[in-house]
Each structure stands twice: as structure tokens, then as C-alpha cells.
Amino acid sequence: MTERDDSCRRFAERRAILGAGVALVPFLAGAARADEPGPASLPPQPGDQFAFLTGEKKGQIVKAEDIPLGGPQVQVYPIDPKSGVVRDGSRLNLVLLARFDPATFDDATRARSADGVVAYSGVCTHQGCAVNMWASEAGLLFCSCHGSIYDPKHGAEVIGGPAPRALPSLGLKVANGAPTVAEGFSGRVGPGQH
Ligand code: FES
């Protein structure tokens with residue numbers, strides 16, 4: 001059994017025993033509004049950075065050091081740093097940023113990361129809930145609606161629960177110390193098989 005397999009097994013056991021071996025991150029689905037035409041509803045564009053959704057830094061651009069090393073994820077929306085437009089006109093633009101030692105990534109994940117930061121859609125591929133929780137011991141993303149579990153160090157592949165596919169990722173680079181979109185989502189965002 002690999003260290004990762006063991007970690008997943010331990011997480012499943014803890015969840016079964018404790019019901020909630022995870023740290024709660026605010027559920028933000030309610031923050032989304034119906035899609036509106038215009039730049040705020042465009043999907044993440046190359047050159048976009050990311051803005052905090054909540055907290056005292058709400059609306060500010062996220063720097064790499066703002067993201068806790070080793071988790072949890074930070075929920076953000078893309079922002080055009082030139083115009084200041086936050087792309088929160090569609091909840092499908094909800095993004096998760098997380099930061100790890102890049103040596104723990106698989107090759108494909110490392111290639112889309114920047115300074116150890118990875119970016120994934122924050123919308124569960126099962127039924128579209130916000131992926132709003134974090135399994136702190138196992139280092140996994142967790143959707144509290146029906147229990148889907150994603151591994152952010154391995155392309156957000158599904159390792160548990162009903163989600164049919166991985167969370168789409170964004171390719172990143174760093175500009176002015178901030179994670180910045182280099183490539184758009186790797187696949188379709190939102191629920192569904194494909
Ligand atoms: S919507 Fe995430 S597990 Fe069902």
C-alpha cells in the first residue's frame with residue numbers, strides 16, 4: 001500500500017468513525033447569482049488573477065503566500081487585474097486554490113501548478129455543490145453534499161463518493177507574486193459525466 005493509499009484509507013476510516021474529520025470552509029453557493037452577460041461572467045481568462053470571496057481580504061488579489069501551505073483550499077473568483085472586474089457573474093467560475101510542496105504532485109499536476117499552487121474548479125462534478133470542505137489529515141478536497149473526495153495533488157481525481165470525474169484544473173503561472181491564469185479550464189465545469 002502506498003503512502004497515499006494509506007492516507008485515503010485512514011481518512012475514510014476517520015470519516016466513518018467521526019463523521020467529520022474535516023475542517024469546515026464556508027459554503028459559498030449562495031454567493032453565486034444567475035449568470036449575467038458581460039466580462040464578469042466570462043470564464044477565467046489568461047492573465048486573470050484571483051480575488052478572495054470572504055474575510056478581511058475580500059476582493060483583494062490572492063498572493064501565493066496567502067494560501068496556507070498544505071491546505072486548506074481558498075475559495076476565490078477570477079479577477080481581471082487590469083480592469084478590476086471580478087468574474088463572479090457565474091457560479092461556474094468558483095475556483096479553489098491550494099498550495100503544497102510541488103514534490104508531492106504528479107507530473108501533470110506539477111506542470112499546471114506555479115510555485116506549488118494548484119487551481120481547480122470549485123464546483124463539484126456530481127451535482128454542482130461548492131467543494132467546501134477540507135480533510136486536514138489526508139490533505140483532500142471534500143464535497144459535503146454527498147461526500148465526494150478529490151485529491152488536489154493528483155489532478156483533483158476522484159478518490160471517493162459519487163462524483164463522476166475530476167475537478168477541471170486551470171494552468172497557472174506567477175505574475176507579481178500572484179497566481180495567474182496561464183491556461184483555461186482543462187474540461188467542462190459543473191456536474192455531469194463528461
Ligand atoms: S454535489 Fe458534491 S458530492 Fe454530490
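Ser41 sits in the loop between strand S1 (23-24) and strand S2 (49-52); strands (E, at least two residues) and helices (H or I, at least four) are DSSP runs, numbered from the N terminus. With a relative accessible area of 17%, Ser41 is buried. Here buried means under 20% relative accessible area, exposed over 50%, and partly exposed in between, using a 1.4 Å probe and protein chains only. The side chain of Ser41 reaches the backbone oxygen of Gly89 at 3.3 Å. A polar contact is a pair of N or O atoms within 3.5 Å; within protein, one must be able to donate a hydrogen and the other to accept it, and residues adjacent in sequence count only if both atoms are side-chain atoms.

A word on the source: this is a predicted model, in which local features need pLDDT of at least 70 and side-chain atom pairs count only at pLDDT 80 or more, while totals for chains, interfaces and linings use all residues. Residues are numbered from 1 along each chain as its sequence is written, and side-chain values use heavy atoms, with hydrogens and water left out.

Now to the sheet. Six strands make up an open, antiparallel sheet in the order S2-S3-S4-S5-S10-S11. Its edges are S2 and strand S11 (178-183), each of which pairs on one side only; two strands pair if DSSP finds at least two bridges between them. On average, neighbouring strands of this sheet are turned by 45° against each other, direction ignored, with axes taken as lines fitted to C-alpha atoms and angles running from 0 to 180 degrees between N-to-C directions.

Within this sheet, S4 (residues 95-99) is joined to strand S3 (residues 74-79) by three bridges and to strand S5 (residues 117-121) by five bridges. Leu96 in S4 stands opposite Gln75, and the bridge partner of Leu96 in S5 is Tyr120. Five of the five residues of S4 are buried, so this strand is largely enclosed by the rest of the structure. Val95, Leu97 and Arg99 lie on one face, Leu96 and Ala98 on the other.

The loops hold some backbone details too. Pro72, in the loop between S2 and S3, is joined to Gly71 by a cis peptide bond with omega of about 5°. Two non-glycine residues with positive phi are set out below.
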